[in-house]
Amino acid sequence: MRKVLVLEDEASIRGFVVINLKRAGYQVLEAETGEQALQVLADNPDVSVALLDIMLPDMDGFEVCRRIRSKNSSIGIIMLTARSQEVDKVTGLMTGADDYVTKPFSPTELIARIDAICRRVGIEESPPSNELHSGPFQLNVKNRTLEKDGKRIRLTQVEFSIMKLFMENPDRALSREEILNQVWGKDYFSDLKIVDVNIRRLRMKIEDDPTNPEFITTIWGYGYKWGR
Ligand code: CA
């Protein structure tokens, strides 16, 4: 069953949302403060979507969003904004939210948004198989390990995600923007150099001769490709 976290300090609104989500078949967790929400998520890493109110007693919903995103790129986040807070929508999306709904919202509208995000999260979370093979490399998606000729190569989480992206897309030119979006998340705003730096480090770990790479090919002015 899909788990949804509802962060809303106003009991009447929270109750209304919770009842409707339960009716729609979701398992619902509740929080009244930002701190509570972060704790609930720490205890329940399987939450698919978080609904975040903005005006809260301890911190604003954007701060909650930012803190969730710093640890979890795959969870869906929907901000609950007031009609008067047009600016909130932009701020929310900038801090890593996926979507927003404006109060007062209908349960149907809210559930449609949650369902849409769940479908996307579901796609990202379920790789077609647990193991990817390419040349001497074997990547285990479940254990997040990489072996080259049967020998384990230690990777950071980011390096692992880049390897996974490459091995899922053999012989395909991937732009640096695409790598950034896929690995760091579409809401991650950073310099594209972060991609180059990580590729350089990855090459030192996986290539026989990092200065003359055999597996990760540079496509000048564009990005990288797995394979020659
Ligand atoms: Ca509130």
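What you have on screen is a predicted model, where local features need pLDDT of at least 70, side-chain atom pairs count only at pLDDT 80 or more, and totals for chains, interfaces and linings use all residues. Residues are numbered from 1 along each chain as its sequence is written, and side-chain values use heavy atoms, with hydrogens and water left out.

**Helix 6 and helix 8**

Select residues 157–168 for helix 6 and 193–206 for helix 8. (Helices are DSSP runs of H or I with at least four residues, strands are E runs of at least two, and both are numbered from the N terminus.) The two axes come within 10 Å and cross at roughly 80°; axes here are lines fitted to C-alpha atoms, for helices over the stretch in contact, and angles run from 0 to 180 degrees between N-to-C directions. So helix 6 and helix 8 are roughly perpendicular to each other.

Now show side chains. Contact means heavy atoms within 4.5 Å. On the helix 6 side you'll find Val-158, Glu-159, Ile-162, Met-163 and Phe-166, meeting Asn-198, Ile-199, Arg-201, Leu-202, Lys-205 and Ile-206 of helix 8. Sorted by class, that contact has seven nonpolar, one polar and three charged residues. (Ala, Val, Leu, Ile, Met, Phe, Trp, Tyr, Cys and Pro count as nonpolar, Asp, Glu, Lys and Arg as charged, and the others, Gly among them, as polar.)

**Helix 6 and helix 7**

Which residues meet here? From helix 6 come Val-158, Ser-161, Ile-162, Leu-165 and Phe-166, and from helix 7 come Ile-179, Gln-182, Val-183 and Trp-184. This contact has seven nonpolar, two polar and no charged residues.

**Two positive phi values**

Next, pick Asp-171, in the loop between helix 6 and strand 10 (173–175). Its phi is near 60°, a positive value in a residue other than glycine. Asp-171 is exposed, with a relative accessible area of 54%; buried means under 20%, exposed over 50%, partly exposed in between (1.4 Å probe, protein chains only).

Jump to Arg-144, in the loop between strand 7 (137–140) and strand 8 (145–148). Phi is positive for Arg-144 as well, near 55°. At 36% relative accessibility, Arg-144 is partly exposed.

**Two prolines**

Select Lys-103 and Pro-104: the peptide bond between them is cis, with omega near -5°. Pro-104 sits in the loop between strand 5 (99–103) and helix 5 (107–125).

Then try Pro-213, in the loop between helix 8 and strand 11 (216–219). Leaving aside neighbours within four places in sequence, Pro-213 touches Arg-203, Glu-207 and Arg-228. The C-alpha atoms of Pro-213 and Arg-203 are 7.1 Å apart, though 10 residues separate them along the chain.

**Last picks**

Lys-71 belongs to helix 3 (residues 61–71). Is Lys-71 buried or exposed? Exposed, with a relative accessible area of 75%.

Finish with Cys-65, buried at 0% relative accessibility, and Cys-118, buried at 5%.

How values were computed:
Parallel < 35°, antiparallel > 145°, perpendicular 65-115°, else oblique.
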